[in-house]
Amino acid sequence: MIARRSILLRLPKDKCDVDYIKRLMALTNLAYRDFEVLVPDLPKNIQYQLYGLKNYKNSLVFGTSPKRWFAETWIPLTTLRIYADGSKKGNTTAPVVLDFRNNIIKLHQVCRNVPGFVVELPMPEWVIERVNEGGDIKFAMIGLKGNEPYLALVAERAIEPYQPSGYRLVVDVNSWRYGIAWGLIHNGQLVSFKQEKPNLNVLLTLYYQAVKRGRKHGALMRIGLHRMTQGKRLRKQAEARMGKIYRVTRDKAYFLASKLVKKALKYRASLVIDDMTEESRRELLEEKLPPDVIKLLMSNLRRFIHQLETLAQWYGVPYEFRRLPSKVCPVCQSELTQLPGRTMACPNCGFKAPRDLIPMYWAIKIENARNQHS
Ligand SMILES: [Zn+2]
């Protein structure tokens, strides 16, 4: 199995011609849609990139196919790798050169349409770590995100999932409101269980502060004073708070995904992911959270699941997605009723447990049933 991971690097804007990159993106988009456009003033090796690489289009981007609308498609590029011992891999005319002897990345003529124009970047730690893990950076992409130029590097590695030891790590993705819950299961027992949640109070405080400043800015705008010092400051403060909410939840998502994959590796556990994002969204709606906050929490929830899957693939952790009920009795399968304090009770057999433990009981039940069959 080929596992892939990617990283985004911001390119120095002063060394990049944004219009040139835009044009390359538009051409890439046309190439993906099977139009062949040969532009006389474009370097040949860049043009070959577009047509030679389009077969990889589904594998190269971050979990999705390239966006289809005009000019939003990133340009795929091949790479040349020069290792510390001087050995080389890849195409010698590749526009992206990863030089591990000098720890630099060189971009040839993809940032500006000037013959011999080279942009140099320091080699990120991330690349060295992936290469040390047995990965190879065969492809890169260049494109614009919010009109800022970026380079994406794609590491790939051939790996087979390990034989699980009998431990199971169950990850229940409730919602960021109640966080995620994970349980380690061994021999039909819940060995450990933990809930990890973002500090929603902090997020909501920042959110309402941003909204308040946004409103004040709006009021100034109506009387035409928003370009004055106070207006500018309010706008900056509002943006800074929204940016912080975004970063805090994103970092938490990445941190948790990495923590859980490390845990799975430690026990050689198989990973069971209960991915109920639709249900989570409904729960958040019932909580009457502001729509912006729901959107943010949901996008980071999806980011968490995607990162968990990406890391599991990369490190060869066997995993499966599995629906684990939280409203059905794991003993007699009757519908559970919710008591105050997120406790669930079974009106039929009297089973009672905290809501977030129910999926864990289901995971144990499923494991027991499997063991009986085998
Ligand atoms: Zn029951």
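**Exercise 1. The two sides of helix 4**

Task: Determine which residues of helix 4 are exposed and which are buried.

Solution.
Step 1. Glu125 and Asn132 of helix 4 are exposed; exposed means over 50% relative accessible area, buried under 20%, and partly exposed in between, with a 1.4 Å probe and protein chains only. Helices (H or I, at least four residues) and strands (E, at least two) are DSSP runs, numbered from the N terminus. The model is a predicted one, in which local features need pLDDT of at least 70 and side-chain atom pairs count only at pLDDT 80 or more, whereas totals for chains, interfaces and linings use all residues. Residues are numbered from 1 along each chain as its sequence is written, and side-chain values use heavy atoms, with hydrogens and water left out.

Step 2. In helix 4, which spans residues 125-132, the buried residues are Trp126, Val127 and Arg130. They lie on the same side of helix 4, because the arc they cover around the axis is only 100 degrees; the arc is that of the directions from the helix axis to the C-beta atoms. An α-helix has 3.6 residues a turn, so residues three or four places apart point the same way.

Step 3. The packing partners of these buried residues are strand 1 (2-10), strand 4 (96-99), strand 7 (136-145), strand 8 (148-158) and helix 8 (291-314). Contact means heavy atoms within 4.5 Å.

Step 4. After helix 4 comes Gly134, with a positive phi near 100 degrees.

**Exercise 2. Strand 1 and its partner**

Task: Describe the faces of strand 1 and the sense in which strand 1 pairs with strand 8.

Solution.
Step 1. The covered face of strand 1 is formed by Ala3, Arg5, Ile7 and Leu9, and the uncovered face by Ile2, Arg4, Ser6, Leu8 and Arg10.

Step 2. Strand 1 and strand 8 run antiparallel to each other, with 9 bridges between them; two strands pair if DSSP finds at least two bridges between them. Opposite Ile7 stands Leu153 of strand 8.

Step 3. A salt bridge also joins the side chains of Arg10 and Glu148, at 3.3 Å from N to O. Since Arg10 belongs to strand 1 and Glu148 to strand 8, the pair ties together parts that are 138 residues apart in sequence. Arg10 is exposed at 53% relative accessibility, while Glu148 is partly exposed at 22%.

**Exercise 3. Further salt bridges**

Task: State how many salt bridges the structure holds, and examine the pairs Glu156 with Lys138 and Arg235 with Glu239.

Solution.
Step 1. There are 17 salt bridges in the structure, each being a side-chain nitrogen of Lys or Arg within 4 Å of a carboxyl oxygen of Asp or Glu.

Step 2. In the pair of Glu156 and Lys138, the closest N and O atoms are 3.3 Å apart. Glu156 is in strand 8 and Lys138 in strand 7, so this pair ties together parts that are 18 residues apart in sequence. Glu156 is buried at 10% relative accessibility, and Lys138 is partly exposed at 35%.

Step 3. Between Arg235 and Glu239 the N to O distance is 3.2 Å. Both belong to helix 6 (residues 229-267), and their separation of 4 residues amounts to about one helical turn. Arg235 is partly exposed, with a relative accessible area of 47%, and Glu239 is partly exposed, with 46%.

Step 4. A network of salt bridges links Arg168, Glu320, Glu367 and Arg370.

**Exercise 4. Positive phi in two loops**

Task: Locate Asn147 and Asn187, and give the phi of each.

Solution.
Step 1. Most residues other than glycine have a negative phi, and most peptide bonds are trans.

Step 2. Asn147, although not a glycine, has a positive phi of about 70 degrees. Asn147 is in the loop between strand 7 and strand 8 and is partly exposed at 38% relative accessibility.

Step 3. Asn187 has a positive phi near 50 degrees. Asn187 is in the loop between strand 10 (179-186) and strand 11 (189-196) and is exposed, with a relative accessible area of 65%.

**Exercise 5. The chain as a whole**

Task: Count the helices and strands of the chain, and state what share of its residues is buried.

Solution.
Step 1. The chain contains 9 helices and 16 strands.

Step 2. The chain has 374 residues, of which 48% count as buried.

Step 3. Of the contacts between residues at least 6 apart in sequence, 63% join residues at least 24 apart.
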